[in-house]
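Student: I would like to learn how to read the surroundings of a ligand and the pockets of a protein. Could you take me through them step by step?

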Amino acid sequence: MNDNGTAIISGASSGIGEATARGLAAAGLHVVLGARRLDRLEAIASEIGGTALPLDVTSPSSVAEFVAALPATPGRLVLVNNAGGARGLEPVESADEDHWRWMWETNVLGTLRLTKSLLPRLVDSGDGHVVTVTSVAAFETYDNGSGYTSAKHAQSALHRTLRGELLGRPVRFTEILPGMVETEFSLVRFDGDAARADAVYQGITPLTAQDVADTIVYAVTRPPHVNIDQIVLKPRAQASATRAHRE
Ligand code: NAP
């Protein structure tokens, strides 16, 4: 077990979560990886000396089992709320309620469930840190994206509220707000339609999962009295959620 503490990462089976697991392991933390695809988690965990545990953040019983199975580790504790994503792209007038439910359950209630369950341990560690990956969609809106932007706004509000509620206790709160990152995000959003997912990144150099993980590692490796509240990062060619320069 490592002296630099423990990091628990939700959604560590791909994209930003996987890159963050690798980055925090390289920074000397013992990493606990949670997601639904256990085979992927186990492969990553065996490479970085981490612990893989099944986790479905939309299920209260899965979250309870995940928390009960966590190794009892001394020292500081980091939680990275990263599990999330988007489903569909529809105007409000034809909104798909199943898509909305998926997005709110995964991004908002998932973050609530995991954070709420771990707050006592984060406080007791004497040096807790909650990192939540929201999005530029947490402060912008765009046509056809209200299911996702509303969920990310709510996830951000939940995270920022904790910053105040936990004031005076030894827990830091960092929100990471990325723009366009090339991961499985668009494949999930468009239900496996690879051509539609690829088109999102055409003519632009998007951020990589590693770029985002680097900012998380930076925030987590500051001294305990330094709270990085928010980091907004976008590709150079992206000015806002709706405005990008494509070659
Ligand atoms: P990704 O490659 O699709 O990764 C999403 C991760 O979330 C996967 O590991 C997935 O694992 C996990 N996940 C999904 N549903 C889950 C559930 N019910 N329980 C537990 N884990 C679950 O996409 P990503 O881009 O890395 O996304 C990570 C975070 O960044 C998300 O919160 C996303 O909204 C945010 N973000 C992404 C972008 C972007 O452009 N890519 C921009 C801003 C913010 P399993 O399927 O194995 O469960």
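Tutor: A residue is near a molecule or strand if one of its heavy atoms lies within 4 Å of it. Of the 31 residues around the ligand here, Ser13, Arg36, Arg37, Tyr148 and Thr183 come nearest. This is a predicted model, in which local features need pLDDT of at least 70 and side-chain atom pairs count only at pLDDT 80 or more, while totals for chains, interfaces and linings use all residues. Residues are numbered from 1 along each chain as its sequence is written, and side-chain values use heavy atoms, with hydrogens and water left out.

Student: Which residues have an N or O atom 2.8 Å from an oxygen atom of the ligand?

Tutor: A polar contact is a pair of N or O atoms within 3.5 Å; within protein, one must be able to donate a hydrogen and the other to accept it, and residues adjacent in sequence count only if both atoms are side-chain atoms. Serine 13 places a polar side-chain atom 2.8 Å from a ligand oxygen atom, and isoleucine 16 has a backbone N or O atom 2.8 Å from a ligand oxygen atom. For lysine 152, a side-chain N or O atom is 3.0 Å from an oxygen atom of the ligand. The protein covers 96% of the 880 Å² of accessible area that the ligand has on its own (Shrake-Rupley method, 1.4 Å probe; for residues, only the protein chains shown count as cover).

Student: Which residues line the second largest pocket?

Tutor: Its lining consists of Gly203, Ile204, Thr205, Pro206, Leu207, Pro235, Arg236, Ala237, His245 and Glu247.

Key:
1 Å grid on protein atoms, 1.4 Å probe; cavity = no way out; pocket = protein on both sides within 12 Å on 5 of 7 lines; lining within 4 Å.
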